[in-house]
Amino acid sequence: MKTENRGNFSSKIGVILATVGTAVGLGNVWRFPYIVGENGGGAFLVIYILALLLLGIPGVIAEFIVGRHSHANAVDSFKKLAPKTKWHWIGYSGVLAGFLIMGYYAVVVGWTLEYLTQAILGNLSGMTVEQYGQVFDQFAGHPYWPLVWMVIVMLISTFVVARGVSGGIEKISNVLMPVFFLIILVMVANSFFLPAAGQGMKYLFLPNFSELEPVAILIAIGQTFFSLSLGMGCLITYSSYFKKDVSLAKTATQVVSIDAMVAILSAMIIFPAVFSFGMQPTEGPSLVFKVLPNVFQQMPLGTLWSILFYALLFIAAITSLISLLEVVTAYIYENTSLTRRKAAFIVTGMVLVLGVFASMSFGPLQEVTLFGKTIFDLLDFVTASILLPVGGFFISIFVGWFLDKRIIATELRIKHPKAHLFIKGYIYMLRFFVPACIFAVFLYSLLG
Ligand code: PHE
């Protein structure tokens, strides 16, 4: 195992921006708004925030403890902390999940780049609602265009990962994430001036619990995992690059808060816009590709807003794709004699093969299904509904029951007279509450 020269995030702000970079992704800007739309608005938001606080923060801290204490990738971290046991299988499951998520995530990141390009070329205007739908279907089902974009986004990610932790991942996050925040704030400000601003905000912030179905709780928990990149060793890998002076509890709280804020801000952009132009937010996954172009074209300066929006989506998505590639690359790089660059290229090659099948689920392979799901949907289901919750379950059990409490105390280093109480409470959460909640989601996704 190569352990020397693993690299570190060089500054505290770099730690936050890179970790926010992995967490904030398609899950926030694309998935969250349509899930809120499908699950009745404000009441769902309340449940989601509770899930973030009660499961998200403890879960993120657990991965941080494992990663920072072991200074190793998703698999070797468990080998170091629990030698001669089977715990490192959590790591294998994480590396596999990272690979499988990339297989379909890269396809969607490619779509965002196509839409950004079309927006810049001024081609996303002058069509009817139906035409936007057809444009998307034709593009996604095209035999090679989506593949070209997928290759491009994977090569960008490979380039960044090959340059290492501080020279690649940290640098790109330091540039892209501030741009992301600037764009999102400008777009939210614009939202307040739209005709149906009030209706959109009410839909999002006024909870109506009579519309909430019990399954929404489980959907909110699933979303928490996906959105925080939890349960697959991504945060273990990133925190293995944290220096000793980074406060884990504080960083976890900041990252979770920023992730939640971005999800809410994205919904604040989308709902007022959708309501203002006579559309519905219940459109599902195609909301941002089929519905939004039509909404933007009706706004003053529409082309500008669509360029900004797809740039926003692209930045969110590419920084998450980079983190996925890093999880698999770090494992391979540290366990072979390959250079980082070669390892990243090999992983990219394998992802592209998988991605071709995922992408073709919208075209030639539309009819190829297993359990009624296309290859694309299957990758999403197996990872988000099975591998991440199962990974989260075992990581929580590992830290709560197996890991020496002194390691937890050393890593948390909370300076407060009641610190021991906090740590005790935290361990209880990991032992009972977190696994019980995840178990419920897991049962639901298998039976539902
Ligand atoms: N958190 C990312 C998002 O919200 C997705 C992701 C999941 C990234 C798991 C890395 C690991 O889009």
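**View 1. Ten named residues surround the second largest cavity: Gly59, Ala62, Glu63, Phe225, Leu230, Gly392, Ile395, Ser396, Val434 and Ile438 line it.** This is a predicted model, where local features need pLDDT of at least 70, side-chain atom pairs count only at pLDDT 80 or more, and totals for chains, interfaces and linings use all residues. Residues are numbered from 1 along each chain as its sequence is written, and side-chain values use heavy atoms, without hydrogens and water. The volume of the second largest cavity is about 50 Å³. A cavity is a set of points on a 1 Å grid over the protein atoms alone where a 1.4 Å probe fits but cannot get out; lining residues have an atom within 4 Å of a point. α3 (42–70), α16 and α18 each give two or more residues to this lining. By class, the lining has 6 nonpolar, 3 polar and 1 charged.

**View 2. The largest cavity has 17 lining residues.** Its space comes to about 150 Å³. Which residues lie nearest its centre? They are Thr22, Tyr105, Phe226, Ser229 and Leu324. α1 (12–23), α2, α5, α10 and α14 (302–335) each give two or more residues to the lining. Of the lining residues, 9 are nonpolar and 8 are polar, with no charged residues. In all, the structure holds 4 cavities of 30 Å³ or more.

**View 3. The ligand takes up the space of the largest cavity.** To sit there, more than half of its atoms must lie within 2 Å of the grid points. The ligand has 14 residues around it, and Ala23, Leu26, Gly27, Tyr105 and Phe226 are the closest. A residue joins this shell if one of its heavy atoms lies within 4 Å. α1, α2, α10 and α14 each supply at least two of the shell residues. The shell divides into 6 nonpolar and 8 polar residues, and no charged residues.

View 4. A polar contact is a pair of N or O atoms within 3.5 Å. At threonine 22, a polar backbone atom is 3.3 Å from a nitrogen atom of the ligand. At phenylalanine 226, a polar backbone atom is 2.8 Å from a nitrogen atom of the ligand. How much of the ligand does the protein cover? The protein covers 100% of the 330 Å² of accessible area (1.4 Å probe) that the ligand has on its own.

**View 5. The largest pocket holds about 880 Å³ of space.** A pocket is an open set of points with protein on both sides within 12 Å along at least five of seven lines. The lining has 32 residues, and Arg31, Tyr34, Asp380, Phe381 and Ser385 are the closest to the centre. Elements that give two or more residues to this lining are α2 (26–38), α5 (89–120), α10 (215–227), β2 (373–374), α16 (375–402) and α18 (419–447). Helices run at least four residues and strands at least two. Which element gives the most to this lining? α16 does, with 6 residues. By class, the lining has 17 nonpolar, 10 polar and 5 charged residues.

Methods. Points joined across faces, edges and corners; volume = space filled by probe spheres on them. Nonpolar A, V, L, I, M, F, W, Y, C, P; charged D, E, K, R; others polar. Polar contact = N/O pair within 3.5 Å; in protein donor to acceptor, adjacent residues only side chain to side chain.
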